[in-house]
Amino acid sequence: MGQRASTPATNKATYKIVKCPICLDNIQQNCNTVQCSDKHSFHAECFAEYVDSCSGDAAQLKDQDFCIKCPQRPCDSNPFSHEDLGRVLTKEQLNTYYSN
């Protein structure tokens, strides 16, 4: 009998499709994203809009101890750091956030 040709194993990385909880669209593999410490992912643009909405609502910021927390509720992750905010927000958005 003839020998069977061996089939090389394919090493395909599996990519889990994740939806942005803010806009409900799929998050593409090479998309600019933000992730909380509990691994909830958001489009950077959606997250920036979320921060804008929080910055415009002083009562909401006060309820969150003037920190931006994960928009995925319920989530007990750490608030987003200043470095996280600086990566995705424009200077204007940062100024609005820090002026509260």
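Me: Which exposed residues does helix 4 carry on the face turned away from its buried side?
Reply: This is a predicted model: local features need pLDDT of at least 70, side-chain atom pairs count only at pLDDT 80 or more, and totals for chains, interfaces and linings use all residues. Numbering runs from 1 along each chain as its sequence is written, and side-chain values use heavy atoms, leaving out hydrogens and water. Exposed means over 50% relative accessible area, buried under 20%, partly exposed in between (1.4 Å probe, protein chains only). On the face of helix 4 away from its buried side, the exposed residues are Lys-91, Glu-92 and Asn-95.

Me: Around the axis of helix 4, what arc do the buried residues cover?
Reply: Helix 4 spans residues 91-98, and its buried residues are Gln-93, Leu-94 and Tyr-97. An α-helix has 3.6 residues a turn, so residues three or four places apart point the same way.

Me: How do helix 1 and helix 4 cross, left-handed or right-handed?
Reply: Helix 1 covers residues 44-55, and its axis comes within 9 Å of that of helix 4, at roughly 35 degrees. Axes are lines fitted to C-alpha atoms, for helices over the stretch in contact, with angles from 0 to 180 degrees between N-to-C directions. A crossing is left-handed if the near helix is turned anticlockwise from the far one by less than a right angle, and right-handed if clockwise. Helix 1 passes helix 4 in a crossing that is left-handed.

Me: By class, what residues make up the contact of helix 1 with helix 4?
Reply: Contact means heavy atoms within 4.5 Å. Helix 1 brings Ala-48, Val-51, Asp-52 and Ser-55, while helix 4 brings Gln-93, Thr-96 and Tyr-97. Ala, Val, Leu, Ile, Met, Phe, Trp, Tyr, Cys and Pro count as nonpolar, Asp, Glu, Lys and Arg as charged, and the others, Gly among them, as polar. By class, the contact has three nonpolar, three polar and one charged.

Me: Which residues do ring pairs link into a cluster?
Reply: Rings of Phe, Tyr and Trp (its six-membered ring) pair if their centres lie within 6.5 Å; planes under 30 degrees apart are stacked, over 60 edge-to-face, and the rest tilted. That rule gives three aromatic pairs. Phe-42 and Phe-47 form a tilted one, 6.4 Å centre to centre with 35 degrees between the planes, and both are buried. The cluster links Phe-42, Phe-47, Tyr-50 and Phe-80.

Me: How far apart in space are Cys-36 and Cys-75, C-alpha to C-alpha?
Reply: Cys-36 sits in the loop between strand 3 (33-35) and strand 4, buried at 5% relative accessible area. Not counting residues up to four places away, Cys-36 touches Cys-70, Cys-75, Ser-77 and Phe-80. Cys-36 and Cys-75 are 39 residues apart in sequence, and in space their C-alpha separation is 9.1 Å.

Me: What separates the C-alpha atoms of Leu-24 and His-43?
Reply: His-43 is in strand 4 (residues 41-43) and is buried at 12%. Leu-24 lies in the loop between strand 1 (18-19) and strand 2 (26-27), exposed at 57%. Along the chain they are 19 residues apart, and their C-alpha atoms are separated by 9.9 Å.

Me: Phi of Lys-39 is near what value?
Reply: Lys-39 lies in the loop between strand 3 and strand 4. At 60% relative accessibility, Lys-39 is exposed. Its phi is positive, in a residue other than glycine, and near 75 degrees.

Me: What is omega at the cis peptide bond between Arg-73 and Pro-74?
Reply: Pro-74 is placed in the loop between helix 2 (58-63) and helix 3 (82-88). For the cis bond joining Arg-73 and Pro-74, omega is about -10 degrees.

Key:
Helices (H or I, at least four residues) and strands (E, at least two) are DSSP runs, numbered from the N terminus.
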